[in-house]
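Some labels for a protein model rest on a value and a cut-off.

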Amino acid sequence: MHAAAVLALLALLPPLAAALDTNCVRASCGNLSIRYPFWLRGRQPSYCGYPSFGIECDPAGSAPLLSDSFLRVLDIHYGNSSVVAFHTNLADADDPTGCRRGNKFNMSAAIALSLLTISSANWELFLCGNCARRLPADWLPMNCSTGSGGGGGGAEWFVYLSHAEHGGADQEIAAAGCQYSAVPVMPGSELRAPGDYGRLVRRGFLLEWKVPGDCAACEATGGGQCRFDAGENAFRCLCPDGSSQPATCARGEFTY
């Protein structure tokens, strides 16, 4: 073929810059697969995901940290936009009972990451003490009367696992006049003995995310790649022709 004809054909092909962008390819951190809206801190640019969704691998092999929080990620479920994580302040290895932390911890205040919420599917683990009257028999007594624990002075403390569908624990605690904290735990957890507290906390709880943009739709339209535009604070779909679109690479079908 004549050289001029070859050059003419090449001019008709879309630029390959976006197709060759490998900065945000799926990565791994331990047993986790990292992809949008998450990104791997230290190995990927922040535009590969949302700013507060950075995953930081632990060189020691512990579960990776989520952004600059105290949350360690155990699993990521992209299909239903959920994360299984535990809070390091609750899963202290040298305090498996939870006595030292439990009565002072506010989970709602601890989850300060935007776009992440505690799932309503979680069950709740209650730790309470200093009650004006005794709680029902199915509340297990805990030894929190020594050290820097919540009881102190010989006060009796109790732990109870509340199923989300049953409820009523808050009312019982209020009626008994207790000091207490509630920690979300995974559905299906079992509390058979007071010492199970630490195990259930380290098993984690569910967080759900809801981010703007449809990454699946972007990727399904002509090889689009999902990005976050920090300047616009918005989702962008990077297309094989080098353009950055607000939703998908299918021209004329953009939705906001």
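Q: What is the handedness of the link of C131 and C178 in this predicted model?
A: The link of C131 and C178 is right-handed, with 110 degrees about the S-S bond.

Q: Why is the pair C131 and C178 said to tie together parts of the chain?
A: C131 lies in the loop between β9 and β10, and C178 in the loop between α4 (169-176) and β12 (179-185), so the pair ties together parts that are 47 residues apart in sequence.

Q: What makes C131 and C178 a disulfide?
A: Their sulfur atoms are 2.0 Å apart, and the cut-off is a pair of cysteine sulfur atoms within 2.5 Å. C131 and C178 therefore form a disulfide. In general, a disulfide is a covalent bond between the sulfur atoms of two cysteines. By this rule the count comes to 6 disulfides.

Q: Why is C131 called partly exposed?
A: The relative accessibility of C131 is 23%. Buried means under 20% and exposed means over 50%, so C131, in between, counts as partly exposed.

Q: Is C178 buried or exposed?
A: C178 has a relative accessible area of 13%. The cut-off for buried is under 20%, so C178 is buried.

Q: What makes C218 and C237 a disulfide?
A: The sulfur atoms of C218 and C237 are 2.1 Å apart, which is within the 2.5 Å cut-off, so the pair forms a disulfide. The pair links distant parts of the chain: C218 is in helix α6 (residues 215-220) and C237 in strand β15, 19 residues apart. This link is right-handed, with 90 degrees about the S-S bond.

Q: Are C218 and C237 buried or exposed?
A: C218 has a relative accessible area of 0%, and C237 has a relative accessible area of 0%. Buried means under 20%, so C218 is buried and C237 is buried.

Q: Why do C239 and C249 both get a burial label?
A: C239 is at 2% relative accessibility and C249 at 17%. Buried means under 20%, so C239 counts as buried and C249 counts as buried.

Q: What makes the pair S243 and D241 a polar contact?
A: A contact of 2.6 Å joins the side chains of S243 and D241. The distance cut-off for a polar contact is within 3.5 Å, so this value meets it. S243 is found in the loop between β15 (234-238) and β16 (244-245). S243 is buried, because its relative accessible area is 17%.

Methods. Residues numbered from 1 in each chain as written. Predicted model: local features only at pLDDT ≥ 70, side-chain atom pairs only at ≥ 80, totals over all residues. Heavy atoms only, no water. Helix = DSSP H or I, 4+ residues; strand = E, 2+ residues; numbered from the N terminus. Buried < 20%, exposed > 50% of the residue type's maximum accessible area, 1.4 Å probe, protein only. Polar contact = N/O pair within 3.5 Å; in protein donor to acceptor, adjacent residues only side chain to side chain.
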